Amino acid sequence: MPNSFDPDQTIRPEILALSAYHVPPATGMIKLDAMENPYALPPALQDEIAKLTAHAPINRYPDPSAVELKVTLREALAVPDGMDIMLGNGSDEIIQIIAMAAAKPDAVLMSVEPAFVMFRMIATFANMSYVGVPLNNDFSIDLDAILAGIEKHKPAVIFLAYPNNPTGNLFDADAILRIIEASPGIVVVDEAYHAFADASLIDKLTQHPNLLLMRTLSKLGLAGLRLGILIGRPEWLIQLEKLRLPYNVGIMTQLIAKAVLRHPELLLEQAAAIKTERSTMNKRLAAMDGVEVFHSDANFILLRVNGAKQIFQTLKQRGILIKNLDGTHPLLEECLRVTVGTIDENAQFCYAFHDIIKNH
Ligand code: PMP
């Protein structure tokens, strides 16, 4: 028996080559880096949740099928008749389940670039090849390039976020439909930021047999619960369910999500407040010299400014955490992404940002 083991001998080379998904420490900071909803639940609902959880039978496994929660979700999300729901420990887990299911030898997972980084990472976890088709300079879909990519690579799965992260825009819906029609495999439309956009492809599910639609409660104020939702035809979901670990959605998540979703107006009010703040912030930032602000249909804003990396660092030193995207993709040169927070957080960010760039 060797007395020391070398991970290089055992772990797949593509995993050795990966850098772990980095979550920077944020204790005590104004946290505008992760697209969280900045608002707490109203005290009455917090009390209701406290009572519910106090009596939860945590000595037992949770309902593996989360039957009651799915009934609540079906109504809250207006899931079309004939479509099923699969739940994940966040939508990250759903991406992983889909990739595992489709990972035949040489299977390709395709997305656009820049896109949500987990599409690419999870392709690697699942041993799939990843093909990222660059967006146009204005972050719109390069339909010809994607159609050519589909023809060439015959992707088993295509992921498209609608609106897109980190760019914040909605792609042209007709272009997405063309992609769905041209695709030999599954197309997953990831509507993580749906609450902040006035568009959805949920009503296209019935017309397109290879379309799956993903949502999450994370951006709606429940990121800590970890609940992702996949909506699609039973033919697909029956297969994907085989890969879902039996108790992936815990009892606390089931109980709390049900309680909160009984008050859908509350989450919608918070999303509306975020949208109002988004436009206030957009105007303030656009009025600053040397700042290019991109239109957003999500709860964050992408902007371009000279010296982005240094500005990000200085903001961090001042206790404000946003996301630096400079160096992550050629289209994101000198770009920063800031999540829309509370009125006060946004004001502090805008003040500090302006102060830093005017001395830059
Ligand atoms: N999809 C997109 C486009 C995202 O930006 C994110 C989170 N940043 C997720 C999915 C994952 O969300 P969660 O796992 O919290 O549901």
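Me: What volume does the second largest pocket have?
Reply: The second largest pocket has a volume of about 310 Å³. A pocket here is an open set of points, on a 1 Å grid over the protein atoms alone, with protein on both sides within 12 Å along at least five of seven lines. Grid points are joined across faces, edges and corners, and the volume is the space filled by probe spheres set on the points. This is a predicted model, in which local features need pLDDT of at least 70 and side-chain atom pairs count only at pLDDT 80 or more, while totals for chains, interfaces and linings use all residues. Residues are numbered from 1 along each chain as its sequence is written, and side-chain values use heavy atoms, with hydrogens and water left out.

Me: Which residues lie closest to the centre of that second pocket?
Reply: Ala76, Leu77, His194, Leu220 and Leu268 are the closest to its centre, out of 16 residues that line the second largest pocket. A lining residue has an atom within 4 Å of a point.

Me: Which elements give two or more residues to that lining?
Reply: They are β7 and α11 (264–286), and α11 gives the most, with three residues. Helices (H or I, at least four residues) and strands (E, at least two) are DSSP runs, numbered from the N terminus.

Me: And how does the lining of the second largest pocket divide by class?
Reply: It has twelve nonpolar, two polar and two charged residues. Ala, Val, Leu, Ile, Met, Phe, Trp, Tyr, Cys and Pro count as nonpolar, Asp, Glu, Lys and Arg as charged, and the others, Gly among them, as polar.

Me: Turning to the ligand, where does it sit?
Reply: The ligand sits in the largest pocket, meaning that more than half of its atoms lie within 2 Å of the grid points of that pocket.

Me: What is the volume of the largest pocket, and which residues are closest to its centre?
Reply: Its volume is about 1400 Å³. The lining comprises 49 residues, with Tyr21, Phe116, Val117, Lys323 and Arg337 closest to the centre. Elements giving two or more residues to this lining include α5 (91–102), β7 (211–216) and α12 (308–317). The largest share, four residues, comes from α6. By class, the lining has 27 nonpolar, ten polar and twelve charged residues.

Me: Which residues are closest to the ligand itself?
Reply: Ser91, Asp190, Tyr193, Thr216 and Ser218 are the closest of the 13 residues that surround the ligand; to be near it, a residue must have a heavy atom within 4 Å. The shell has four nonpolar, five polar and four charged residues.

Me: How many cavities does a search of the whole structure find?
Reply: The search finds one cavity of 30 Å³ or more, a cavity being a set of points where a 1.4 Å probe fits but cannot get out. The volume of the largest cavity is about 60 Å³. Its lining has 14 residues, of which Pro64, Ser65, Ala66, Arg244 and Asn248 lie nearest the centre.

Me: Where are the cis peptide bonds?
Reply: One joins Tyr162 and Pro163, with omega about 0°, and another joins Asn165 and Pro166, with omega about 15°. Pro163 is found in the loop between β5 (157–161) and α8 (173–182), and Pro166 is likewise in the loop between β5 and α8.
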